[in-house]
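Q: I would like to learn how to read the features of a model such as this one, taking a few of them in turn. Could we begin with how accessible a residue is?

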Amino acid sequence: MANVVVVGAQWGDEGKGKIVDWLSERADVIARFQGGHNAGHTLVIDGTVFKLSLLPSGIVRGGKLSVIGNGVVLDPWHLKKEIAQLRGQGVTITPETLMIAENTPLILPIHGELDRARESATNVAKIGTTGRGIGPAYEDKVGRRSVRVADLADPATLEERVDRALVHHDALRRGLGLEPVDRARLLADLREIAPVVLEYAAPVWKILNEKRRAGKRILFEGAQGALLDIDFGTYPFVTSSNVIAGQAATGTGIGPGAIDFVLGIVKAYTTRVGEGPFPAELHDADGQRLGERGHEFGTVTGRKRRCGWFDAVLVRQTCATSGVNGIAFTKLDVLDGFETLKICIGYELDGTRLDYLPTAADAQSRCTPIYEEMPGWSQSTEGARSWADLPAEAIKYVRRVEELIGCPVALLSTSPEREDTILVTDPFAD
């Protein structure tokens, strides 16, 4: 059976939640493989709105196994809150429907405190972090001082892990003018929350490999977007993990050979939250119109998103670095009513034309977009469920995007509703 990886192909907020939910009907397992609770997914199912930021999108679908892989950093207190919220909306969550990798690093309160203190104290360009501790938690993972899920089961090991982390954190806190960590309070809080997390702890790598051998379909769900990847994003204005498709293997413990199809989620225009370069950003009425029509506010932070025309250069790069086999094209309906549409097809940098975004941050900030114009359409595409429902100009726009990014459209989404989706190529097809 085919296994599918879903990645955001821009700066996030492409509509991954809906697409993963749409695909999850045909999957047996939905696995998160990176990020934390800093990236939100909004699902609309039968008129009910579900807002997720940590749990896999498949959790709202009965009969599916949802998995949080080791590539994720987990805030146990947020986990408890999100589970309670979904249960309040009638979602059943048990150890049979949710499993958390035993080697998943935890986000502790000290991580969030450090995150916020550093962002407010910096006298250079701010990264635009959500302040939820994701970055410092990944730093501790690489520095081999994380408290991991399995550590919660053994009091002696837990104390040892906390002491190792505090040697590092107390030194940082002194430099930032923060009080030392209250060790006793931190340990007490961890002991209190431990049963909540341990209820779902499991050897995820083993279970996923068993599911694969049994012929089950696995859907790997990423958070954020590939342009925020720690290696291939607009560094340093990136997240602290690898977002591209290759992380699905290392972030869950399943081999790369298990990945059969990579689906890139692509919005019909471009948005970005926070700081960093954005060559096709609009500061005019068109940008305002895109933001208003697309309801462009962050699910987690509520921050207004920056908006711009579709950037084919960036999406083409993502299709290469993630090995995208097909894209899910979302929010086409937001473009309804524009007389003229523009697509960024290249950049100009110091008089030279580029067909990619350069690596150096200074060069990125000086790139100016080269646009191609296309006629818009006046008819509504909202709710379309077949090509026949789309205006001819909308179809031409989609086809031109395919040409420019060198990748075909597999799915076309025309509203937040799950059923308003046009299937072109089935990612789960064998």
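Q: Is Gly406 buried or exposed?

A: Since the model is predicted, every value here is computed from its coordinates. Gly406 counts as exposed because its relative accessibility is 66%, and the cut-off for that class is over 50%. Gly406 sits in the loop between α12 and β17 (409-413).

Q: How far apart are Gly406 and Ala312 in sequence, and how far in space?

A: Between Gly406 and Ala312 there are 94 residues in sequence, and their C-alpha atoms are 9.5 Å apart in space.

Q: Where does Ile405 lie, and is it buried or exposed?

A: Ile405 belongs to helix α12 (residues 392-405), and with a relative accessible area of 3% Ile405 is buried. The C-alpha atoms of Ile405 and Ala312 are 5.7 Å apart, although 93 residues separate Ile405 from Ala312 in sequence. When neighbours within four places in sequence are left aside, Ile405 is in contact with Phe310, Ala312, Val315, Arg316, Cys319 and Ile327.

Q: How should I read cysteines, and how many disulfides does the structure hold?

A: The general idea is that a disulfide is a covalent bond between the sulfur atoms of two cysteines. In this model there are 0 disulfides.

Q: What should I look for in the backbone, and which peptide bond is cis, with omega near 5°?

A: Most residues other than glycine have a negative phi, and most peptide bonds are trans. Here the peptide bond from Tyr235 to Pro236 is cis, with omega near 5°, and Pro236 is placed in the loop between β8 (218-221) and α8 (247-250).

Q: Where is Gln224 placed, and what is its phi?

A: Gln224 is placed in the loop between β8 and α8, and its phi is near 60°, a positive value in a residue other than glycine. At 8% relative accessibility, Gln224 counts as buried.

Q: What is the phi of Lys331, and where does Lys331 lie?

A: Lys331 is not a glycine, yet it has a positive phi of about 60°, and it lies in the loop between β13 (326-330) and β14 (340-349). With a relative accessible area of 24%, Lys331 is partly exposed.

Q: Which residues is Ala249 in contact with, leaving aside its neighbours within four places in sequence?

A: Ala249, which is found in helix α8, is in contact with Ile254, Gly255, Pro256 and Ile259 once those neighbours are left aside. The C-alpha atoms of Ala249 and Ile259 are separated by 8.0 Å, with the two residues 10 apart along the chain. Ala249 counts as buried, at 7% relative accessibility.

Q: Turning to helix packing, at what angle do α2 and α6 pack?

A: A packing of two helices can be read from the angle, the axes and the residues in contact. Helix α2 (residues 76-88) and helix α6 (residues 183-198) pack at an angle of about 45°, and their axes are 9 Å apart, so α2 and α6 are oblique to each other. Their crossing is left-handed. From α2 the contact takes Pro76, Trp77, Leu79 and Lys80, and from α6 it takes Asp189, Leu190, Ile193, Val196 and Val197. Sorted by class, the contact of α2 with α6 has 7 nonpolar, no polar and 2 charged residues.

Q: How do α5 and α6 cross, and which residues meet there?

A: The axes of helix α5 (residues 155-175) and α6 come within 11 Å and cross at roughly 135°, and α5 and α6 are therefore oblique to each other. In this case α5 passes α6 in a right-handed crossing. Leu158, Glu159, Val162, Asp163 and Leu166 of α5 meet Arg183, Leu186, Leu187, Leu190 and Arg191 of α6. By class, the residues of the contact of α5 with α6 divide into 6 nonpolar, no polar and 4 charged.

Terms used
Residues numbered from 1 in each chain as written. Predicted model: local features only at pLDDT ≥ 70, side-chain atom pairs only at ≥ 80, totals over all residues. Heavy atoms only, no water. Axes fitted to C-alpha atoms, helices over the stretch in contact; angles between N-to-C directions. Helix = DSSP H or I, 4+ residues; strand = E, 2+ residues; numbered from the N terminus. Parallel < 35°, antiparallel > 145°, perpendicular 65-115°, else oblique. Left-handed = near helix turned anticlockwise from the far one by under 90°. Contact = heavy atoms within 4.5 Å. Nonpolar A, V, L, I, M, F, W, Y, C, P; charged D, E, K, R; others polar. Disulfide = S-S within 2.5 Å. Buried < 20%, exposed > 50% of the residue type's maximum accessible area, 1.4 Å probe, protein only.
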